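Student: I'd like to go through this one quickly. Can you walk me through it?
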Amino acid sequence: VLHTTRPLHTTQQSLAPVPPLPEKGGEVRHGFIPEEFFQFLYPKTGVTGPYMLGTGLLLYLLSKEIYVVNHETAAAACILTVIVYAIKKFGPDVAAFADKLNEEKMASALAMKNDTIQTLQTAIEEEKKEQWRAEGHNYLFDAKRNNVAMLLEANYRERLLTVYNEVKKRLDYQVALQNLKRQKEQDHMIQWVEKNVVQSITPQQQKESIAKCILDLKALSKSAHATV
Amino acid sequence: LPAAVLLKDTKLMDVKLGQLGSWLAMRDFTPGGILGAFRRGHERYYNKYINVRKGGLGGLSMVLAGYIVLSYMWSYSHI
């Protein structure tokens, strides 16, 4: 259950980025006394104060037998001598080795970080390129739309032509039909008229017409003779 | 005038000698409080001497010296 009345993420995140580790630790003098102790006594007793305190304390412990000197003291002295000598001799080498290990760890971590950053950068570049490519799709769609429009137009025109041809054929048929009818009527009528006229010419009329023609011809020949 | 800090919130080094008794009485002595005190002390020491880039010998040797002193004190009666 999330109480949304409580405001979330109002402050700057305090853990990121993580502050780097301090370079050196607190100062320690003689291996086991922190430097702050010397600084604490400096205003009142100067530089030798803590050493006087240490000497006095040591003498007090020894004289009052709070620190007992027995066989263990000899053993502790020898062991401490060896340890101090070893540290003084091999200390810097060990420190350098440890520092090298640390450096390698840091370098590998840093390399990983840089590699990741690089990969992400290339991914960003690729993404930008993809976006640029997606813009080109507009042109592709325009071309396709033009294609489709052209196809539609061509189809429409084809059909228009078909319609025109069909209508023309039908009209031509009607025209040819009418012409044929008229021609047939004309022929039939001419034939009928000729037949009737030939029938109506009786032999009597034929003789009369022939006699008339001969008279006409004679008259004509007389006039022709005259002109010549 | 700056507001006076409550005795409860003063650090040990700022407590006057006469107030030491009352200051001690005000400290948190519940188990959780004692655990918190141990944790705070450990964190202070750890972050100052050990959790650094170039740690020195002092961080470890101070712990050993304290251990030596403490074990001497505990085994004093056997000597």
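Student: How many residues does the contact take from chain B and from chain A?
Tutor: Keep in mind that this is a predicted model. The contact takes 15 residues from chain B and 22 residues from chain A.

Student: What area is buried between chain B and chain A?
Tutor: About 1600 Å². Carbon and sulfur atoms give 56% of that area.

Student: How many salt bridges are found across the interface of chain B and chain A?
Tutor: Three. Take Glu36(A), which forms a salt bridge with Lys48(B).

Student: How far apart are the closest N and O atoms of Glu36(A) and Lys48(B)?
Tutor: They are 2.5 Å apart.

Student: And how many residue pairs are in polar contact across the interface?
Tutor: 10 residue pairs, both residues at pLDDT 80 or more.

Student: Which helices of chain B each supply at least two residues of the side that touches chain A?
Tutor: Helix 2 (31-50) and helix 3 (58-74) of chain B. Helix 3 of chain B gives the largest share, five residues.

Student: How do the residues on that side of chain B divide?
Tutor: Nine are nonpolar, three are polar and three are charged.

Student: New topic. Where is Thr73(A)?
Tutor: In helix 3 of chain A, residues 71-200.

Student: Is Thr73(A) buried or exposed?
Tutor: Buried. Its relative accessible area is 19%, and the cut-off for buried is under 20%.

Student: Which residues does Thr73(A) touch, not counting those up to four places away in sequence?
Tutor: Thr73(A) touches Tyr67(A) and Val68(A) on that count.

Methods
Residues numbered from 1 in each chain as written. Chains lettered and ligands numbered in written order. Predicted model: local features only at pLDDT ≥ 70, side-chain atom pairs only at ≥ 80, totals over all residues. Heavy atoms only, no water. Contact = heavy atoms within 4.5 Å. Buried area = accessible area lost by both parts, 1.4 Å probe. Salt bridge = Lys/Arg side-chain N within 4 Å of Asp/Glu carboxyl O. Polar contact = N/O pair within 3.5 Å; in protein donor to acceptor, adjacent residues only side chain to side chain. Helix = DSSP H or I, 4+ residues; strand = E, 2+ residues; numbered from the N terminus. Nonpolar A, V, L, I, M, F, W, Y, C, P; charged D, E, K, R; others polar. Buried < 20%, exposed > 50% of the residue type's maximum accessible area, 1.4 Å probe, protein only.
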